[in-house]
Amino acid sequence: MNVDSIDIFLEGLRGKQIHFKPNPGNAGDGLIALAAFQLFKKYNINYSLVKEGQDLKGKIVIYGGGGNLVSYYRHCSSFVKAYHQEAEELIIFPQSVNGHKDLLSQLGKNCTIMCREKASLEYVSSYGNIGKVLLIPDLVFNLEITPELLNFKRVNKL
């Protein structure tokens with residue numbers, strides 16, 4: 001099974017304005033969001049953070065990556081349900097996916113779901129109505145760790 005490239009995908013968004021909703025959660029989700037911000041900068045993608053209840057009709061909307069489009073959680077599914085019909089394009093960054101059958105069956109050609117593992121890809125691919133279904137590794141693997149990021153300080157030892 002081929003793994004798609006986040007770099008090739010994001011190249012297509014270069015210079016565009018997107019509206020981004022990071023996935024809420026733990027420190028790992030924070031690192032995934034940080035990787036997304038770094039990728040937006042790398043590809044000169046202009047972004048604004050989505051505010052609750054914001055009108056996103058005709059906009060490019062991205063929901064952050066993680067493990068939230070599963071039956072245990074509702075953050076991602078609630079967001080997708082609210083915006084998939086009005087967004088020009090709705091992109092879900094690499095997620096683990098299971099459950100939410102009713103929602104997945106409603107998604108249309110304007111939706112792209114990136115799956116972070118093969119089981120999710122196979123599950124989502126069974127819904128033929130979705131525009132693009134891609135296998136893309138978790139965004140945290142794109143995180144560039146720099147000393148500034150970690151706020152390291154030099155310590156001189158005698």
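The following numbered points describe a predicted model of one protein chain.

1. Basis of the note. Residue numbers start from 1 along each chain as its sequence is written, and side-chain values rest on heavy atoms, with hydrogens and water left out. Because the model is predicted, local features need pLDDT of at least 70 and side-chain atom pairs count only at pLDDT 80 or more, whereas totals for chains, interfaces and linings use all residues.

2. Secondary structure. The protein chain has six helices and seven strands, where helices (H or I, at least four residues) and strands (E, at least two) are DSSP runs numbered from the N terminus. Read from the N terminus on, the elements follow the order α-β-α-β-β-β-α-β-α-β-α-β-α.

3. Overall dimensions. Along its principal axes, the C-alpha trace spans about 65 × 30 × 30 Å.

4. Among contacts (heavy atoms within 4.5 Å) with a separation of 6 or more, 63% come from residues 24 or more positions apart. The protein chain exposes about 9100 Å², with carbon and sulfur atoms supplying 52% of it; accessible areas come from the Shrake-Rupley method with a 1.4 Å probe, and for residues only the protein chains shown count as cover.

5. Nonpolar cores. In soluble globular proteins, nonpolar side chains tend to be buried together. Here the largest nonpolar core has 24 residues, and L107, I113 and I130 have the most contacts inside it; such a core is a set of buried Ala, Val, Leu, Ile, Met, Phe, Trp, Tyr and Cys residues joined through side-chain atoms within 4.5 Å. The elements that give two or more residues to this core include strand 3 (60–63), helix 3 (75–83) and strand 5 (89–97), and helix 3 provides the largest share, four residues. A second, separate core of 22 residues includes L39, F40, Y43 and L139.

6. L69 and its surroundings. L69 lies in strand 4 (residues 66–69) and is buried, with a relative accessible area of 2%. Leaving aside residues up to four places away in sequence, L69 touches C76, S77, I92, Q95, S96, V97, N98 and H100. The C-alpha atoms of L69 and V80, eleven residues apart along the chain, are separated by 9.6 Å.

7. Two loop residues with positive phi. H100, one of the residues that L69 touches, sits in the loop between strand 5 and helix 4 and has a positive phi near 55 degrees although it is not glycine; at 15% relative accessibility, H100 counts as buried. N44, in the loop between helix 2 (27–42) and strand 2 (46–49), also is not a glycine and has a positive phi of about 50 degrees, but N44 is partly exposed, with a relative accessible area of 45%.

8. A buried histidine in a loop. H84 is placed in the loop between helix 3 and strand 5 and counts as buried at 4% relative accessibility. Beyond residues up to four places away in sequence, H84 touches L90, L103, Q106, L107, N110 and C111.

Technical notes. Buried < 20%, exposed > 50% of the residue type's maximum accessible area, 1.4 Å probe, protein only.
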